[in-house]
Amino acid sequence: MSDTLTGRRSVRGGVGTSVPRPDATPKVTGDFEFLGDMHADGMLWGATRRAWVPHARIVQVDADAALAMPGVHAVLTQDDVPGHRYQGQAVTDQPVLAEGEIRYWGEPVAIVAADDPETARLAADAIVVDLEELDPLTDLEAALERGEIFRHVPVRRGNPDLHGEVVVEGTYITSTEDPAPLGTEAGLAIPDGTGGVDLWGPTQWVHIDLKQLAACLALAPDQVRVQPCRLGGAFGSREDLSLQTHIGMLALRVDRPVKMVYDRTESFVGHVKRHGSLMHYRHEADRDGRLVRVDARILLDGGPYQLTSNAVIANSTYFAVGPYRCDNVTVDGYALRTNNPPSGAMRGFGSNQPCFAAESQMDRLADALGLDPVELRLRNALRPGDQLATTGQVIEEPLPTDEVIRSVASIPLPDDGSDDDPRHLPGGTGLTTPRDRVVRGVGFAVGIKNLEFSEGFDDNAEARVVLTGDGAVVHTAAIEVGQGLVTVLEQIARSTLGVSQVRVAFDHTGQIGSAGSTSASRQTQMAGNAVLEAATAVRELALARVGGDDLDDDGVWRGDTLVASLAELTAEGPIEQHVDYHHRPTDEPDEAGQGNLHVDFCVAAHRAVVDVDPDLGLVRVVEIAIGQDVGRAMNPQQLLGQIEGGIAQGLGHAVMEEVVLDRGVIRNASFTDYLLPTCLDAPHVEAILIEQPSSWGPFGAKGMAELPTMSATPAVVAAIRAATGRPLTRVPVRPEDIVAPDDTGGRAR
Amino acid sequence: MLIERPQDLPEALEGIGGSPHAVLLAGGTDLMVEVNLAHRRPEAVIALRRVDDLQTWEDGFIGAGVTYARMETGPLPALAELARTVGSPQIRAVGTIGGNLGTASPAGDTLPFLAAIDAEVVLGSRDGQRRLPWHEFLVGPKQTALTPGEVILGVQLPDHIPARQAFAKIGTRQAMVIATVNCCVLRDDDGTTRVAMGAVAPTVMRPREAERLASSEPRPSQAALDEFQRLVSAEVAPISDHRATEQYRRHAAGVLARRTLERCLTP
């Protein structure tokens with residue numbers, strides 16, 4: 001034991017600091033091994049044969065020519081699925097490979113394993129797929145009429161006979177959006193020699209993958225180890241399985257490792273989209289602008305398989321009114337089955353579509369009342385103690401709706417823009433637009449979304465904290481998708497333990513239980529709370545082991561005396577604690593959609609300033625200001641990263657990002673034509689963080705990363721409306737919508 | 001896949017003559033996209049980057065291997081402006097004027113300049129050279145008059161280069177975007193005006209009526225500019241596709257051509 005008096009050290013890299021990501025440097029230098037970079041000795045390459053029609057009956061699949069090619073080891077179809085032939089998180093309705101019918105453009109029909117990627121690709125092309133084309137169902141009204149309904153969520157609240165004096169109605173469309181992660185789908189499956197398999201694939205929740213993979217591969221759960229992956233982006237697109245079952249089947253069949261990497265076109269058909277939507281709204285208010293009733297019908301395009309549509313439509317329905325009080329509400333939300341691309345999770349998870357419609361309605365209402373749009377929103381802002389307009393749930397946690405609106409409105413507007421640098425003008429380097437043709441507009445929007453899982457789902461996250469002489473290791477199966485969970489968990493463990501030397505070990509499904517999904521803005525609070533509780537227990541155990549009263553990097557202290565270094569403390573063995581954290585239970589909705597369905601909420605407000613060239617319909621977003629509810633800024637730099645990235649994504653859907661569909665066929669399945677904002681399109685961002693600590697999040701933190709995207713889209717559109725006077729009821733806003741708003745020009749949707 | 005890497009022009013011409021169906025590779029910014037997306041599987045490729053003769057840019061001759069990066073800093077204002085709109089710096093460092101001609105996309109960004117200036121395309125083979133006016137070389141969307149065994153050596157510009165030049169391009173992003181409409185206007189001091197429009201017809205085209213009008217106006221009035229705009233919109237023949245509607249392109253072509261002409265009129 002040491003008796004040297006050294007004084008207490010404060011922890012480095014704790015909560016509230018902008019400590020950098022541990023993988024920041026390798027990602028910048030190219031040393032980081034992404035999924036697509038993985039290699040195993042003796043591995044084969046997989047490829048997928050797809051059907052490039054939106055709807056067809058499969059007459060025959062003939063693999064003879066492919067199998068006869070040198071270097072081809074296996075060709076598998078739906079008949080070869082060893083176990084359950086369908087996958088899906090909740091309802092398993094998606095065939096692992098097409099079964100009898102093609103239901104969307106690019107649906108996989110067969111898979112191949114071969115010596116090299118080129119041979120695998122040629123063999124996949126050599127598979128003869130004989131199809132009889134069928135009429136695709138791609139129209140939402142038609143799908144509703146035919147009863148192709150995954151889920152209908154009704155909300156009936158208040159008095160159906162109460163009406164307001166001022167009425168505004170509108171129909172709104174949000175097109176299908178792609179999450180567009182830069183890393184395409186990739187995976188590696190390695191047989192373990194005893195009938196099982198280790199599997200790396202793009203995921204946001206290894207344990208939900210495990211459940212599906214074990215069933216489809218006919219293996220016991222402990223025979224499949226779903227490994228944490230190193231992803232190049234997710235945004236929701238990795239919540240559903242893509243190629244995992246396929247590489248698992250191939251690897252088990254040929255008893256060799258199998259790797260598969262999608263190209264960009266395959267990636268566009270290989271992951272889920274944000275649901276396209278068709279929404280009709282009617283808002284009624286009194287003369288002072290107080291909402292009296294809101295009626296809405298929301299149709300979401302689910303594509304052919306259920307995936308997460310049942311939960312997405314719940315969000316669309318419950319957040320149909322936005323962060324406003326209203327006591328009389330009727331909403332009918334429908335998730336519909338079509339032959340458009342499969343839809344699923346994407347940042348905001350069903351809250352974005354109604355946010356566009358409802359915020360557009362609030363602007364219409366402000367206009368009808370002659371009220372300032374900010375004032376109208378403040379008059380209706382949802383505050384703690386109020387009831388959520390749809391479900392009637394009383395807001396019991398901090399919810400700074402008022403503050404986010406006031407803060408964003410208080411930020412000074414950017415200057416008028418006098419410079420002639422073409423990069424700062426609409427049209428950019430194309431030199432389309434002289435400064436004197438530019439019209440400026442300003443728009444506001446506010447968004448609300450739930451945190452964690454809702455509607456009675458028992459939501460949990462496991463974590464284990466292990467303290468040794470080298471510091472602490474945090475074990476979790478939560479997935480780091482680039483969002484910064486690794487840093488936040490380190491920070492929580494450091495500040496809780498008092499020890500700076502902390503690293504996070506991402507475990508596979510055989511090593512630790514579920515941490516739940518990296519989605520729903522949930523891991524900072526869920527995995528974070530599990531780590532907080534485990535680290536708290538480890539600290540108490542450490543103090544108890546040697547009778548100390550404080551722990552820091554030097555070890556355990558009693559008063560001013562260091563009683564044990566970390567090495568001495570853990571000489572007899574590491575100190576560890578495992579925690580399975582659950583948030584407080586939520587209700588299932590009653591038949592009117594009422595109840596305490598959500599555990600918590602988050603809000604943000606955006607103000608967009610745009611420059612528009614009305615003659616050409618070109619838009620440049622000059623600045624977006626945001627007031628963001630964060631609970632507690634755990635890592636200010638990462639938080640700003642989420643805000644800036646989220647704003648770029650929301651801006652993208654406002655003015656360029658659209659999966660162009662033509663009777664179920666994607667016309668722009670490439671980054672040549674699916675345009676993402678470049679750094680010249682990304683606006684200057686002004687952010688104000690509202691820190692009202694959550695009563696239950698670790699150190700007061702809230703999940704927040706979906707909000708920066710949500711109301712960015714309607715704020716940009718509102719600003720374009722302000723500049724041009726066009727109604728703009730559809731996103732993305734295309735140049736022709738500004739130039740000739742009533743002329744859709746024969747384009748699909 | 002067989003890849004040849006000739007070191008000089010005679011070797012290149014011999015190689016191309018010997019494998020007339022080999023695919024010619026310059027910057028690869030179009031070809032490699034097609035290869036990577038498995039749209040194209042060339043049996044043989046002849047890579048031309050090492051052929052110094054193709055990099056020549058002197059007097060009115062621009063070698064096929066001249067990159068956008070060089071055009072961007074070169075002496076011709078419209079060529080510099082259009083080069084800046086192409087892709088990212090990485091793409092501009094390798095993409096070439098010869099490749100843009102060879103691909104012959106209706107939206108090719110060098111093509112409005114070449115059409116407006118009435119460039120000739122210089123073609124070579126082991127049997128000799130020939131020159132074709134731009135409109136005889138560009139025969140349709142992604143179709144050229146290049147015959148097997150031939151390579152684009154470069155473009156020959158006329159002796160007289162109009163002093164006033166401007167290029168503009170519409171795309172729904174601030175940079176790195178394929179043209180929805182592009183446009184080049186050249187104007188002489190005597191008022192002679194040449195206009196070429198891209199992405200609004202099967203190949204780049206010249207709105208001749210509009211040109212005649214602008215050429216007849218030493219100092220065009222607002223009314224003349226209105227009429228010029230109307231004529232351009234009337235003369236183009238765009239289609240609707242996933243990038244824009246026919247109606248938008250027709251409207252935008254007129255606006256863009258007028259503004260580009262206005263830039264040439266500004267002292």
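**Close-up 1. Packing of helices α10 and α11 of chain A in the predicted model.** Two packed helices are described by the angle between their axes and the distance between the axes. Here α10 (residues 373-380) and α11 (residues 401-410) of chain A meet at an angle of about 165°, and their axes are 9 Å apart. Angles over 145 degrees count as roughly antiparallel, so α10(A) is roughly antiparallel to α11(A). The crossing of α10(A) with α11(A) is left-handed. On α10(A) the contact residues are Val374(A), Arg377(A) and Leu378(A), and on α11(A) they are Asp402(A), Ile405(A) and Ala409(A). Four of the residues in this contact are nonpolar, two are charged and none is polar.

**Close-up 2. A four-stranded open sheet in chain A.** The strand order is β18-β26-β27-β30 (chain A), and the pairing is mixed. Strands β18 (439-451) and β30 (684-690) of chain A are the edges, each pairing on one side only. From one strand to the next, the twist averages 20°.

**Close-up 3. Strands β18 and β26 of chain A, with helix α17.** Strands of a sheet pair through backbone hydrogen bonds, either parallel or antiparallel. β18(A) and β26(A) (residues 600-613) run antiparallel and are joined by 13 bridges. Gly447(A) has Ala604(A) in β26(A) as its bridge partner. Helix α17 (residues 712-724) of chain A lies across β18, β26 and β27 (618-629) of chain A, at about 155° to β18(A).

**Close-up 4. The contact between chains A and B.** Chain B gives 30 residues and chain A gives 31 residues. On the side of chain B that touches chain A, α11(B) supplies the largest share, seven residues. This side of chain B has 14 nonpolar, ten polar and six charged residues.

Terms used
Residues numbered from 1 in each chain as written. Chains lettered and ligands numbered in written order. Predicted model: local features only at pLDDT ≥ 70, side-chain atom pairs only at ≥ 80, totals over all residues. Axes fitted to C-alpha atoms, helices over the stretch in contact; angles between N-to-C directions. Helix = DSSP H or I, 4+ residues; strand = E, 2+ residues; numbered from the N terminus. Parallel < 35°, antiparallel > 145°, perpendicular 65-115°, else oblique. Left-handed = near helix turned anticlockwise from the far one by under 90°. Contact = placed C-beta atoms within 7 Å. Nonpolar A, V, L, I, M, F, W, Y, C, P; charged D, E, K, R; others polar. Pairing = 2+ DSSP bridges.
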